[in-house]
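Good morning, and thank you for the time. I would like to take you through the secondary-structure packing of one model, which is on the screen now.

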Amino acid sequence: MTKSIPEPLWQHTLASFPFLAQLGDADLAHLRELSLGFLAKKEFHGAAGLAITDAMALAIAAQACLPLLHLATGIKALAWYDDFIGIVVYPGEMIAHRQTQDALGVHHDYSEVIAGEAMHGGPITLNWHDVADASRSARQGSNLVIHEFAHKLDMRDGVANGCPPLPSGFMGAKTAGVGHRIWQTAMQFEYSKFCEQLALHQRFGADAPWLDAYAASSPPEFFAVACEAYFVNRVFFARDFEALVPLFDAFFRPPGTYSSRQD
Ligand SMILES: [Zn+2]
C-alpha cells in the first residue's frame with residue numbers, strides 16, 4: 001500500500017468514520033494524500049498477538065492526519081510527526097508500568113491502565129478497540145487517535161504544555177511572545193472553567209460536563225482532549241468552549257475560517 005490507497009479501502013474507511021466522510025471533496029483528496037504519505041513513513045506493530053491489517057493502518061493514518069489538513073500544503077505537514085516512526089497497537093486497553101522519583105528521592109513503582117500513549121521523541125501506542133469505536137465515541141467528542149497525535153503537536157517544540165508551536169503572526173500577534181500569551185490566556189480560561197464545572201459535579205451533583213473528565217488532569221491533557229472534540233464534534237465543542245473556537249480555528253485553519261497557509 002505504498003503507491004495509492006485502493007478505492008474500496010478508502011471508501012470503507014470513510015464509511016467507518018463519518019466525521020471524516022463529512023469533509024469537503026478537496027479536504028478528502030488531501031486527507032487521502034496525507035494518509036498515503038503517513039503510511040509510507042510509519043511502521044505499525046501489533047502487540048499482544050494483534051495482526052494489523054491494511055484497513056486498520058489506514059483507519060489510524062486517516063484520523064492521525066485529520067489535524068494536519070491545513071497546517072501546510074501538500075504532504076509537508078507530515079513533518080509535525082517526524083520525531084517518531086513506530087505505532088504500537090494493542091487489542092484493548094493496556095497496563096503501563098511506571099517508575100517515578102518523588103521530591104525526597106524515593107522511587108515509586110506502580111501500574112496504570114491506559115488507552116494510549118504518546119512518548120516524546122518515541123512511538124505512539126494505541127488500542128484497537130478504542131480506535132475502531134471512534135464513530136460511536138464521536139458523540140461524546142472522544143477520539144483516541146486524535147488525542148495521542150495532538151500530544152505530538154503539543155510536544156513538537158520540546159515541551160508538553162498544551163501549546164503547540166504557533167505560526168508567526170498568530171491571531172495578529174506582533175511577536176511570538178504575544179501569540180503565546182493569546183493562546184495561554186484562552187486555554188487557561190477554559191481549562192479553569194472546565195475544572196470548576198467538574199468539581200461542582202463531583203462534589204455537589206451539578207450536571208456533568210460534556211467533555212471527558214480526563215481533560216481536567218493537566219493543561220496538556222486538556223489540549224489533547226479538546227482537540228478530540230474539535231475534530232469529531234465541532235457543534236458541541238463550540239457550545240462548551242466558545243473561547244477555544246477562534247483559537248483552534250486560527251491554528252488548524254479549517255476551510256471557511258482563515259485562508260490556508262502558504263508555507
Ligand atoms: Zn493524553
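**Helix packing and the sheet**

Helix 8 and helix 9 are roughly perpendicular to each other, where angles of 65 to 115 degrees count as roughly perpendicular, under 35 as roughly parallel, over 145 as roughly antiparallel and the rest as oblique. Please note that this is a predicted model, in which local features need pLDDT of at least 70, side-chain atom pairs count only at pLDDT 80 or more, and totals for chains, interfaces and linings use all residues. Residues are numbered from 1 along each chain as its sequence is written. Helices (H or I, at least four residues) and strands (E, at least two) are DSSP runs, numbered from the N terminus.

To be specific about this pair, the axes of helix 8 (residues 176-204) and helix 9 (residues 219-232) come within 11 Å and cross at roughly 90 degrees. Axes are lines fitted to C-alpha atoms, for helices over the stretch in contact, and angles run from 0 to 180 degrees between N-to-C directions. Met187, Tyr191 and Phe194 of helix 8 make the contact with Pro219, Phe222 and Phe223 of helix 9; residues are in contact if their C-beta atoms, placed from the backbone, lie within 7 Å. By class, this contact of helix 8 with helix 9 has six nonpolar, no polar and no charged residues. Here Ala, Val, Leu, Ile, Met, Phe, Trp, Tyr, Cys and Pro count as nonpolar, Asp, Glu, Lys and Arg as charged, and the others, Gly among them, as polar.

Four strands form an open sheet with mixed pairing, in the order 1-2-6-5; two strands pair if DSSP finds at least two bridges between them. Its edge strands are strand 1 and strand 5 (117-118), each of which pairs on one side only. Strand 1 (residues 43-46) and strand 2 (residues 86-90) run parallel and are joined by four bridges. Which residue of strand 2 stands opposite His45? It is Val88. Strand 2 also pairs with strand 6 (residues 124-127) in the parallel sense, over four bridges, and there the bridge partner of Val88 is Thr125.

Next come the helices around helix 4 (residues 54-65). The axes of helix 4 and helix 7 (residues 144-155) come within 8 Å and cross at roughly 55 degrees, which makes helix 4 oblique to helix 7. Ile60, Gln63 and Ala64 of helix 4 meet Val145, Ile146 and Phe149 of helix 7 in this contact. The residues involved divide into five nonpolar, one polar and no charged. Helix 7 also lies across strand 5 and strand 6, running at about 170 degrees to strand 6.

Finally, helix 1 (residues 7-16) and helix 4 have axes that come within 10 Å and cross at roughly 60 degrees, so helix 1 is oblique to helix 4. On helix 1 the contact residues are Leu9, His12, Thr13 and Ser16, and on helix 4 they are Asp54, Ala55, Leu58, Ala59 and Ala62. These divide into five nonpolar, three polar and one charged.

Notes: Two residues are in contact if their C-beta atoms, placed from the backbone, lie within 7 Å.
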